Amino acid sequence: MVLDLVIIGLAITLMPLTAVAFMLILGAQRGLWKGLAFILGWTACLVAVIAVTMLLTGGKPPRPHTAPSTAVLVVKALLGAFLIWVGLRQRHRVGRPRKQPGWMARLDHLSLWAAAGLGVFLQPWSLVAAAAATVVQAKLSTAGDWLALIVFCLVATSSYLAMELYAAFAPAAAAARFDQIHKWVDTHQDQAIVVGALVVGAWLLGDSLFLIVS
């Protein structure tokens, strides 16, 4: 479970579109406050998903080789297959022009509540669903599982926390670096999505199938 959550958390925090959106938020008027609101909304969403999952399971994961356990693994395998499909689909779109979302042009007028809402809206929900399916295996009575959940939330939020702190303590250097990253992402965004989706999808699919048949 721990390794799965770390891999999924890294994939979530490195999503290129969300990273660019957050950089633009930091560069808007009252950017630091809006960035903080985004992080709070983002983290609250992850915590809510974990909390709902734990409430549904009662902190008691299904026993291995039972119908509920197999069902969870099937869901993870299907999510892995879906991510592979996303990666292959995105591969055929490499090089095509992309239209910037309209809300990106209105960031100066974005309220703090709207910034927090973006933190929820921009979640990569297929990856969050994979994390929820993995959290089903967690035990409320085990300190190690609680630590794994905390690490997952920190990893999934780490890039935004780092950018927020960088912009707070070195605003000029951060603005220049974010501009460079933005240009790089514009050029390599499709390739990053393809690689990320294929790697995470293959891991989830392979790991789940192995556990099902073993």
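Tutor: Helices are DSSP runs of at least four residues, numbered from the N terminus. In this predicted model, alanine 77 lies in helix H4, which covers residues 67-91.

Student: How many helices and how many strands does the protein chain have?

Tutor: The protein chain has eight helices and zero strands. Read from the N terminus on, its elements run α-α-α-α-α-α-α-α.

Student: Is alanine 77 buried or exposed?

Tutor: A residue counts as buried when its relative accessible area is under 20%. Alanine 77 has a value of 7%, and is therefore buried. Across the protein chain, 41% of the 214 residues count as buried.

Student: Which residues are in contact with alanine 77, leaving aside its neighbours within four places in sequence?

Tutor: With those neighbours left aside, alanine 77 is in contact with Leu204, Leu205, Ser208 and Leu209. The C-alpha atoms of alanine 77 and alanine 202 are 9.0 Å apart in space, although 125 residues separate the two in sequence. For the protein chain, consider the contacts between residues at least 6 apart in sequence: 87% of them join residues at least 24 apart.

Student: Where is glutamine 191 placed, and what is its relative accessibility?

Tutor: Glutamine 191 belongs to helix H8, residues 171-213. Its relative accessibility is 35%, so glutamine 191 counts as partly exposed. Glutamine 191 and glycine 87 are 104 residues apart along the chain, and their C-alpha atoms are separated by 9.0 Å.

Student: How does one describe a pair of packed helices?

Tutor: Two packed helices are described by the angle between their axes and by the distance between those axes. Helix H1 (residues 2-13) and helix H7 (residues 143-169) pack at an angle of about 20°, and their axes are 7 Å apart. Because angles under 35 degrees count as roughly parallel, H1 is roughly parallel to H7. The crossing of H1 past H7 is right-handed.

Student: Which residues make the contact of H1 with H7?

Tutor: On the side of H1, the residues include Val2, Leu5, Ile8 and Ile12. On the side of H7, Ala148, Leu149, Phe152 and Tyr160 are among them. By class, this contact of H1 with H7 has twelve nonpolar, five polar and no charged residues.

Student: At what angle do H3 and H7 pack?

Tutor: Helix H3 (residues 31-57) and H7 pack at an angle of about 180°, with axes 10 Å apart. H3 and H7 are therefore roughly antiparallel to each other. Trp42, Leu46 and Met54 of H3 are among the residues that make the contact, as are Phe152, Cys153 and Glu164 of H7. The residues of the contact of H3 with H7 divide into 17 nonpolar, three polar and one charged.

Student: How many disulfides does the structure hold?

Tutor: The structure holds zero disulfides. Two of its cysteines may still be read by accessibility. Cysteine 45 counts as buried because its relative accessibility is 10%, and cysteine 153, at 13%, counts as buried as well.

Key
Residues numbered from 1 in each chain as written. Predicted model: local features only at pLDDT ≥ 70, side-chain atom pairs only at ≥ 80, totals over all residues. Heavy atoms only, no water. Disulfide = S-S within 2.5 Å. Buried < 20%, exposed > 50% of the residue type's maximum accessible area, 1.4 Å probe, protein only. Axes fitted to C-alpha atoms, helices over the stretch in contact; angles between N-to-C directions. Helix = DSSP H or I, 4+ residues; strand = E, 2+ residues; numbered from the N terminus. Parallel < 35°, antiparallel > 145°, perpendicular 65-115°, else oblique. Left-handed = near helix turned anticlockwise from the far one by under 90°. Contact = heavy atoms within 4.5 Å. Nonpolar A, V, L, I, M, F, W, Y, C, P; charged D, E, K, R; others polar.
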